[in-house]
Amino acid sequence: MSPEAKRLKIFGIVALIAGCACVVAGIILAVLGVDITDLFVVVASVVSLLVGAWGARVANVPSNAPKLMGPSAGATVATGALCAGDVAFANGQVVPIVVGVITFVLALLVTIATSAVKRNVEKV
């Protein structure tokens with residue numbers, strides 16, 4: 001396995017695990033008080049979880065990296081928009097912003113790693 005594929009595998013697994021933890025955090029936030037930011041947290045966490053799972057699977061077969069590039073970039077844009085929504089509607093709450101930033105950074109890392117694997121595959 002190439003170093004780029006290993007990096008994608010690690011980032012994918014981290015995004016998967018952190019996405020699960022963030023979904024739980026979003027559900028806890030929703031139980032404590034329903035707010036639009038809770039919905040943003042849960043949706044961004046699920047998106048991060050899905051892109052992480054897909055990234056970890058693609059790392060096993062690097063030739064599939066070009067297929068992940070579009071959805072991964074879309075997930076990064078979506079989590080960025082949801083994070084911006086958290087910032088806009090947080091009303092002084094810190095937890096939704098932190099969770100939103102975490103999901104955005106993880107989706108961005110998976111996208112960057114996917115791009116590196118894609119370049120490596122196309123070079124060979």
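H1 passes H4 in a left-handed crossing, that is, the near helix is turned anticlockwise from the far one by less than a right angle, clockwise being right-handed. The helices are DSSP runs (H or I, at least four residues) numbered from the N terminus.

The model is predicted, and local features need pLDDT of at least 70, side-chain atom pairs count only at pLDDT 80 or more, and totals for chains, interfaces and linings use all residues. Residues are numbered from 1 along each chain as its sequence is written, and side-chain values use heavy atoms, with hydrogens and water left out.

H4 has 29 residues and reaches 42 Å from its first C-alpha to its last, close to the 42 Å expected at 1.5 Å a residue, the expected span being 1.5 Å times one less than the number of residues. Its buried residues (under 20% relative accessible area, with exposed over 50% and partly exposed in between, for a 1.4 Å probe and protein chains only) include Pro 96, Val 99, Gly 100, Thr 103 and Leu 106. The buried residues of H4 pack against H1 (3–32), H2 and H3. Ile 97, also placed in H4, is partly exposed, with a relative accessible area of 26%. Leaving aside neighbours within four places in sequence, Ile 97 is in contact (heavy atoms within 4.5 Å) with Asp 86, Val 87 and Ala 90.

For helix H3 (residues 65–89), the 25 residues should span 36 Å at 1.5 Å a residue, and the end C-alpha atoms are 35 Å apart, which agrees. Among the buried residues of H3 are Leu 68, Ser 72, Ala 75, Thr 79, Leu 82 and Asp 86, and the buried residues of this helix pack against H2 (36–58) and H4 (95–123). H3 is followed by Asn 91, whose phi is positive, near 50°.

H2 and H3 pack at an angle of about 160°, with their axes 9 Å apart, and are therefore roughly antiparallel to each other; H2 passes H3 in a left-handed crossing. The contact is made by residues including Thr 37, Phe 40, Val 47 and Trp 54 of H2 and Leu 68, Ser 72, Leu 82 and Phe 89 of H3. Thr 37, in H2, counts as buried at 0% relative accessibility. Apart from neighbours within four places in sequence, Thr 37 is in contact with Asp 86, Phe 89, Ala 90, Gln 93 and Pro 96, while Thr 37 and Asn 91, 54 residues apart in sequence, are 9.5 Å apart in space, C-alpha to C-alpha.

A search of the whole structure finds 1 aromatic pair, for which ring centres of Phe, Tyr or Trp (its six-membered ring) must lie within 6.5 Å, with planes under 30° apart counted as stacked, over 60° as edge-to-face and the rest as tilted. The pair is formed by Phe 40 and Phe 89 and is tilted, at 6.3 Å centre to centre and 45° between the planes. The pair links distant parts of the chain, with Phe 40 in H2 and Phe 89 in H3, 49 residues apart. Phe 40 counts as buried at 17% relative accessibility, whereas Phe 89 is partly exposed, with a relative accessible area of 44%.

Definitions and conventions. Helices (H or I, at least four residues) and strands (E, at least two) are DSSP runs, numbered from the N terminus. Axes are lines fitted to C-alpha atoms, for helices over the stretch in contact, and angles run from 0 to 180 degrees between N-to-C directions. Angles under 35 degrees count as roughly parallel, over 145 as roughly antiparallel, 65 to 115 as roughly perpendicular and the rest as oblique.
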